[in-house]
Amino acid sequence: MSLVRIIPRLDIKGPNVVKGLCFDGYRVLGHPETFAQTYFKEGADELFFQDTVASLYKRNNLLEIIRRTAEKVQIPITVCGGVRSLDDIKALLRSGADKVAINTAAITNPSIIEKAAKMFGSQCIVASIEAKERDFDSEQRYKNYKGFENSEFINPKHGQYEAWVDYGRQPTGIDVFEWSKQVVELGAGEIYLSSVDRDGTGHGFDSNLVSEVASNSKVPVICSSGAGKVVHFKEVIESGADAVSAASIFHYKYAEKVETDYMSYSKEQLRMGSQIDSGNIEFLKSGYGGFEQIQVDPSTINKVKNYLYENEIEVRRN
Amino acid sequence: MPSKKDKITVIDYGMGNLFNVVRAFEALECDVSITNNYNKIANADKLLLPGVGAFEDGMNDLKASNLDNAIIEFSLCERPLMGICLGMQLLMSRSEENGNHIGLNLIEGDVLRFKEPNESSSNYKIPQIGWNKLLKTKSNPWAGSILEGIDNNSYMYFLHSYYVHPKDAKVVLSGTDYGQNTFCSVLQKNQIIGCQFHPERSGEIGLKILKNFIKL
């Protein structure tokens, strides 16, 4: 069995690391380089950077952050967000990214994966899949995704998973399970799987989603979204994850408590570093959009790895 | 008097990720130049051949600028040359990636694809993406080699579907197990070195290998 990797996820908005809930309502937590260096020293196996708005606004502000981070950490960095062309991929690789993950562009133009895998090698092209469970049946077909009209894997049914794009903002009508097989056929060397429903909640990974995608995938699958307790890492590995990605559980451990009116919703709403801006205050004021049950029990990478090791799951330890 | 900086020449043939390996050498206070110039490569002090991507594309890109011959000319008088990942594979005679393609032939042997998982050995996936161990081979001590000071079972970061199989087992410094595959993860033949993993992405211990290269 290959080693299971633990991969902290850094969601980036502007110059900051943010953390949201279900891909929405970001709180600003601090600077990416600070988090990255901390996680590197703690024994992270890789880092995953997600630009939260690059795809939406068709811009890419991540290059400079990646450049500065890659100088300071000697572990692989995967970057997701705003990749629309082979030139974008080249620019990211030249900035210090080791792998590039693609979601929106892959769905609007699947051949980008094929071309990128041919040009840069499958091993550095990751398909990012943002899955959301369908809670309705629909015959609706999304006009934006014309290439899929004749495809058999459109229109997931109630209870099945649909691929979303633009950082959890747009449904596509495309079935996640079928799409996850398609991206591997196109040449993706790895899949980064996240769950729009579980993101930021700490409720644990979606084991149905994970086992459906990971156990049927020929390439490694990094599973993200839902880690709130150490035991969740073991559960998701047992569901078939080849690597586990997590944000809140680590971020909230290292961030510092900031005493402000709007940060007092929960005693554990924290930040790292002093240079911060306000984040999404409205979302916080409204009680996280009515979602009050964030269940994160902060922990360290070391504790997670020790726990896995004790449970006979092979990990790299310092 | 300040000591003269070690000079490392990194071959830029368009294959992706030079940044990290360049920065790693700069952090080790080397004078790094990145070039696709024939003479600069042929006359370098120490040469680094990086690379990600497919073997055929890599060789084609080298040939397009006649850099294959520059590397061969460089290697004629004994000077340190290190290939990393695809760069290591390009040192070999040939590769079976997407057909059959001729390499630089500085190390005799083949580049082969991992055996696919099967019923008796199913718990691994291709490509190998992640950390894995360097294991000592029976015949070759690491003292005095590029792996001087590295502990047996040290973890390095791998990212590949193909691996090198040198004809002469004496050049194999370390082996690595992946599923039902045992492959050569570091080779050294005199001053020619290959690492299948990425020392520049393998934490402090990976940097130690780059330091050893500087000292050659």
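Modeller: Glu29(B) sits in the loop between helix 1 (19–27) and strand 2 (31–35) of chain B; helices (H or I, at least four residues) and strands (E, at least two) are DSSP runs, numbered from the N terminus. The model is predicted, so local features need pLDDT of at least 70 and side-chain atom pairs count only at pLDDT 80 or more, while totals for chains, interfaces and linings use all residues. Residues are numbered from 1 along each chain as its sequence is written, and chains are lettered from A and ligands numbered from 1 in the order in which they are written.

Glu29(B) is not a glycine, yet its phi is positive, near 65 degrees. With 10 C-beta neighbours inside 10 Å, Glu29(B) is exposed (12 or fewer other C-beta atoms within 10 Å, placed from the backbone; buried means 20 or more, partly exposed in between). Asn66(B), likewise no glycine, has a positive phi of about 60 degrees. Asn66(B) occupies the loop between helix 3 and helix 4 of chain B and is exposed, having 11 other C-beta atoms within 10 Å.

Helix 4 of chain B (residues 67–76) has Leu67(B), Asp68(B), Ala70(B), Ile71(B) and Phe74(B) buried. These buried residues fall within an arc of 160 degrees, so they line one face of the helix; the arc is that of the directions from the helix axis to the C-beta atoms. Their cover includes strand 1 (7–11), helix 2 (38–42), strand 3 (46–49), helix 3 (55–64) and strand 4 (81–84) of chain B, where contact requires C-beta atoms, placed from the backbone, within 7 Å.

Conventions: Contact = placed C-beta atoms within 7 Å.
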